[in-house]
Amino acid sequence: MNKTIRRASVFTLLLVVALLVRATWVQFYDSKALADDKLNRRNAIEQYANPLGDIIVGGDAVTGSERTKGSDLRYKRTYKDGELYSSVTGYSSQVYGATQLEGIYKDVLDGTDTRLKNPLDTVTDKRADPGDVVTTIDPAVQKAAYKSLGDKKGAAVAVDPKTGKILGMVSSPSYDPSDISGSSDSEEWSALLKDKEKPMVNRALRQPLPPGSTFKLVVAAAALEDGLYDSADTATDSPNPYTLPGTTTVLKNESASAPCENATIRTALQYSCNNVFAKLAVDLGQDKVKAMAEKMGFNTDKLDVPVRASESVYPSDMDKAQTALTGIGQFDVTATPLQMSMVSGAIANGGELLSPHMVSQITDSDGDVLESFDDADSRRVMSEDTASQLQSAMETVVEKGTGTNARISGADVGGKTGTAQHGENNSKTPYAWFTSYAKGGDGKEVAVAVIVESSDAARSEVSGNGLAAPIAKAMMSAALER
């Protein structure tokens, strides 16, 4: 063999070896990455080849699957009362992916979760029948929230303080996930993205805003736990008017005639006295207020229910004037409705905070439980005595204070209103807040938080009692009747 032929043979052999090595690498090392690539249409074809499992509310499926026409994606997701439950389910789209419970439990719902496989499925690598996601949502509470919010922009959350189960979660305006579940819904998708009201944002979990006077509950808890005052009925050292430290700015109260000078914590909650809680925050110092806020759930970016909630924030590195403003839930304090329901829930539950969650069980196609979440984690955030005093003070707010619209006959109801200023020089319409709890004679309990970001009410009529408390009352009434 001459030299030229020999070299050509060796070169050809090296090319063959290189091809074999590359094929082996792709087959054994890159295969999973290629299979999982979001641009690999085979994944979507396989995912939607059969009906998906369901998300269950109150024993009934609020999701389904529908046979498609003229598409290699044989089934698409459908939703029963889609707008009512979108803040719980999220969406599952053939084109745009999946969010919330649809996304978190995608493997369960499409049958790829390994826990669903029986021994034969494992041997044959057959896709298992899909499982279901059983939620903690109570249909009556959900409907009460949705109906009461109506056309108002805002959100509401209801939690069982004894178990941490989320009984209702609504964000308004809402949307119907069925409109974007197929493969030809680009116009609907674009319209939702361009909507200035952002209907796909879950305001209950994902939009922290200034909590206003509802945050006074956190400051009150910090003051009682610290021993700054012996009880909620001890007179405080609270001048009225109160000038923010180091400034000439006078902090006003909503009602000039309210008995806020040196008021007790009970009276200060009843009339929502800004001077008292601003002074309390300064006297405690930002570190002590922050410590109580963090016990309640602020300043964590890992609050999963199992959908991850946005971080509610109590700020650091403030001067005394800024610290004073945090005492009334302003400056850079932000909170989600979920967070403020946790505050009321901890108070209602004797100072013990149960981790909120909206999934009860994961089941296979036969209804057998694969995973249960009924035993929630808990932690003590304040003493029973502090919680008891705050319950009594919150009930005074509802009985004869700023929260009378939340009264429920035959139930013990405690609450706190909030009107949060925002915009440059407070130029925008305030947010109306209400956080509360209710206890029925049969032992049933519920904690609620509601925010109304905007409504058709005139600016002068915006208040937590006027806009948010009736929504909370409807939800609490439904929860106590369950």
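What follows is a short chat about this predicted model.

Me: Overall picture to begin with: how many helices and strands are there in the protein?

Reply: The secondary structure comes to 18 helices and 18 strands. The C-alpha atoms fill a box of roughly 105 × 55 × 40 Å along the principal axes.

Me: And what share of the 482 residues is buried?

Reply: Buried residues make up 50% of them. The accessible surface is about 21,900 Å², with 49% of that belonging to carbon and sulfur atoms.

Me: What about contacts, how many of those with a separation of 6 or more link residues 24 or more positions apart?

Reply: Those account for 67%.

Me: Switching to the surface. Which residues form the nonpolar patch?

Reply: Leu13, Val17 and Val21, with about 270 Å² of accessible area together. Leu13 lies in helix H1, residues 3-28, and is exposed at 53% relative accessible area.

Me: Which residues gather in the patch of negative charge?

Reply: Glu83, Asp179, Glu187 and Glu188. Glu187 is in helix H9, residues 186-194.

Me: Is Glu187 buried or exposed?

Reply: Glu187 counts as exposed because its relative accessible area is 67%, and the cut-off for exposed is over 50%.

Me: OK, now Glu445. Where does that one lie?

Reply: In strand E18, residues 445-454. Glu445 is buried yet has no salt bridge.

Me: Which side chain of opposite charge is nearest to Glu445?

Reply: Lys439, at 4.0 Å. Leaving out residues up to four places away in sequence, Glu445 touches Asp160, Pro161, Lys162, Ala348, Ala438, Lys439, Leu480 and Arg482.

Me: Which residue has a positive phi of about 55 degrees although it is not a glycine?

Reply: Ser272. Its place is the loop between helix H12 (265-271) and helix H13 (274-284).

Me: Is Ser272 buried or exposed?

Reply: Ser272 is buried, with a relative accessible area of 9%. Lys198 also has a positive phi, about 50 degrees, without being a glycine; Lys198 is in the loop between H9 and helix H10 (203-206).

Note on methods:
Residues are numbered from 1 along each chain as its sequence is written. This is a predicted model: local features need pLDDT of at least 70, side-chain atom pairs count only at pLDDT 80 or more; totals for chains, interfaces and linings use all residues. Side-chain values use heavy atoms; hydrogens and water are left out. Patches are made of residues with over 30% relative accessible area and no salt bridge: like charges are joined within 9 Å, nonpolar side chains (Val, Leu, Ile, Met, Phe, Trp, Tyr) within 5 Å. Accessible areas come from the Shrake-Rupley method with a 1.4 Å probe; for residues, only the protein chains shown count as cover. Lys and Arg count as positive and Asp and Glu as negative; His and the chain ends are not counted. The place of a charge is taken as NZ of Lys, CZ of Arg, CG of Asp or CD of Glu. Helices (H or I, at least four residues) and strands (E, at least two) are DSSP runs, numbered from the N terminus. Buried means under 20% relative accessible area, exposed over 50%, partly exposed in between (1.4 Å probe, protein chains only). Contact means heavy atoms within 4.5 Å.
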